[in-house]
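Please look at the sequence and the structure below before reading on.

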Amino acid sequence: MRDASPAWGVVRAFMRSRCGVMLAEDQHYLLDARLGPLAREFRFPSVEAFVAAACGPSSEERLRRAVVDAMTTHETTFFRDRPFWKVLEEVIIPSFKTSGKRAIRVWSAACSTGQEPYSLAMLLEELWPAGAAASEIIATDVSEIALDKAREGSFTQLEVNRGLSTGKLVRFFEQNTLSYRVKESIRKRITFKADNLLSPTPGPKDCDLVMCRNVLIYFDENDRQQVQRRLRSSVITGGQLGFGATEMSSQGVPMGGGWYRPR
Amino acid sequence: MIALVVDDSMALRLVHKRMLEAAGWEVRTAKDGEDAITQLDAMPVCHLVMTDWHMPVMDGIELVKRIRQHPRYASVPVLMVTSEAGLSAIQEAIAAGATEVLMKPYTAEALVERVEEVTHA
Ligand SMILES: C[S@@+](CC[C@H](N)C(=O)[O-])C[C@H]1O[C@@H](n2cnc3c(N)ncnc32)[C@H](O)[C@@H]1O
């Protein structure tokens, strides 16, 4: 293995400014491991030449996207972290039903390949079909490549084995040769679009639920605060913010399972 | 908590036994459906049956049907693990009485998650 090349510094600065993701100096092995394949794919003579073209000023958008996708962690599963979904199922969704609401608006921020918003859409359909049909789920991520997969809604056997009960698989998926695809009736309830959590422009307005899980861990404290403020300003009065199991928020009153009611 | 692992492959019995033991289970094993019924008859308690689908003598489908009529174990959770693929296979196993179905390939993590789900239900 080689020492940290200057190219690694360029990639770190690029990822930091483009999406807030902090990469450590000693993670330079990721340069070859993650960007080596891209350098070959885009026919650059070396990783360094690729980095110069992709992360420098006036770089091509498609190269920048490829770097963002390769350098971010997309690991996710259906119904990730049971307690989070249990609180949603047993407390939050029933409270919407009894409040007389007709529908809700949800933002799944940093949705990766879509398992999180699809889990929510399935749960809503099971617990509150009338509300689910009228509700809106907005799902965003900074990685266009993850979003493409999310939009497609096709998952492998290994992916559906994680977190999805057979009851839900049978009810909400159709089978293709090598994969399972979320049925159109559920897919069409989610609007997928690109969004950078660090963007200076506000996120979706008036959301009853905003979830942003397992991404702020990659950010520094300043960016984390900034993102939390942006998320909070998307929550309507009486709404809730949901974070990952290991992430704490100072943004409100804890409701359990990673859910907070903003003060 | 005690589980009965049913598989005609000795290697898989061992693999599944290890996976469950690592998650805190005490594990008995049986080599086919008939052996499983014999063992269940003799077991004072059993909290989970994890069975393969295709086995000689008595397969997993027949085993679940028998379990659902067993005087003591009619309501024990049964997890069917199988190399069968597809939604119709799942429906067949559920119709026979399986609580959940897990299709190969799966990771140890997925297996343990599913076991926890069926036993906490
Ligand atoms: C580990 S996944 C989490 C997926 C899902 N929320 C979950 O908890 O399972 C993290 C996601 O955050 C996205 N991400 C990283 N930086 C981001 C940023 N600045 N803005 C939006 N999304 C970002 C990555 O592209 C990746 O898909």
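What volume does the largest pocket have? The largest pocket has a volume of about 650 Å³. The model is predicted: local features need pLDDT of at least 70 and side-chain atom pairs count only at pLDDT 80 or more, while totals for chains, interfaces and linings use all residues. Residues are numbered from 1 along each chain as its sequence is written, chains are lettered from A and ligands numbered from 1 in the order in which they are written, and side-chain values use heavy atoms, with hydrogens and water left out.

On a 1 Å grid over the protein atoms alone, a pocket is an open set of points with protein on both sides within 12 Å along at least five of seven lines, whereas a cavity is a set where a 1.4 Å probe fits but cannot get out; lining residues have an atom within 4 Å of a point.

**Pockets and cavities**

| Space | Volume |
|---|---|
| Largest pocket | about 650 Å³ |
| Second largest pocket | about 540 Å³ |
| Largest cavity | about 50 Å³ |
| Second largest cavity | about 30 Å³ |

Among the 29 residues that line the largest pocket, A:F79, A:R82, A:G163, B:E113 and B:E117 are the closest to its centre. The largest share of this lining, seven residues, comes from α5(B). By class, the lining of the largest pocket has eight nonpolar, five polar and 16 charged residues.

The largest cavity is lined by residues of both chains, including A:Q157, A:L164, B:I90 and B:R114. Its lining divides into seven nonpolar residues, three polar and one charged. The second largest cavity is lined by A:A121, A:L124, A:A132, A:S135, A:I137 and A:R189.

**The ligand**

Which pocket holds the ligand? The ligand sits in the second largest pocket, meaning that more than half of its atoms lie within 2 Å of the grid points. Of the 32 residues that line this pocket, A:T72, A:T73, A:N214, A:V215 and A:Y218 are the closest to its centre.

There are 21 residues around the ligand (a heavy atom within 4 Å), and A:C19, A:T76, A:R80, A:D141 and A:N214 come nearest. An N or O atom in the side chain of A:R80 is 2.7 Å from an oxygen atom of the ligand. For A:N214, a polar side-chain atom lies 2.7 Å from a ligand oxygen atom. A:R213 has a backbone N or O atom 3.0 Å from a nitrogen atom of the ligand. Taken alone, the ligand exposes 610 Å² (Shrake-Rupley method, 1.4 Å probe), and the protein buries 99% of that.

Methods. Polar contact = N/O pair within 3.5 Å; in protein donor to acceptor, adjacent residues only side chain to side chain. Points joined across faces, edges and corners; volume = space filled by probe spheres on them. Nonpolar A, V, L, I, M, F, W, Y, C, P; charged D, E, K, R; others polar. Helix = DSSP H or I, 4+ residues; strand = E, 2+ residues; numbered from the N terminus.
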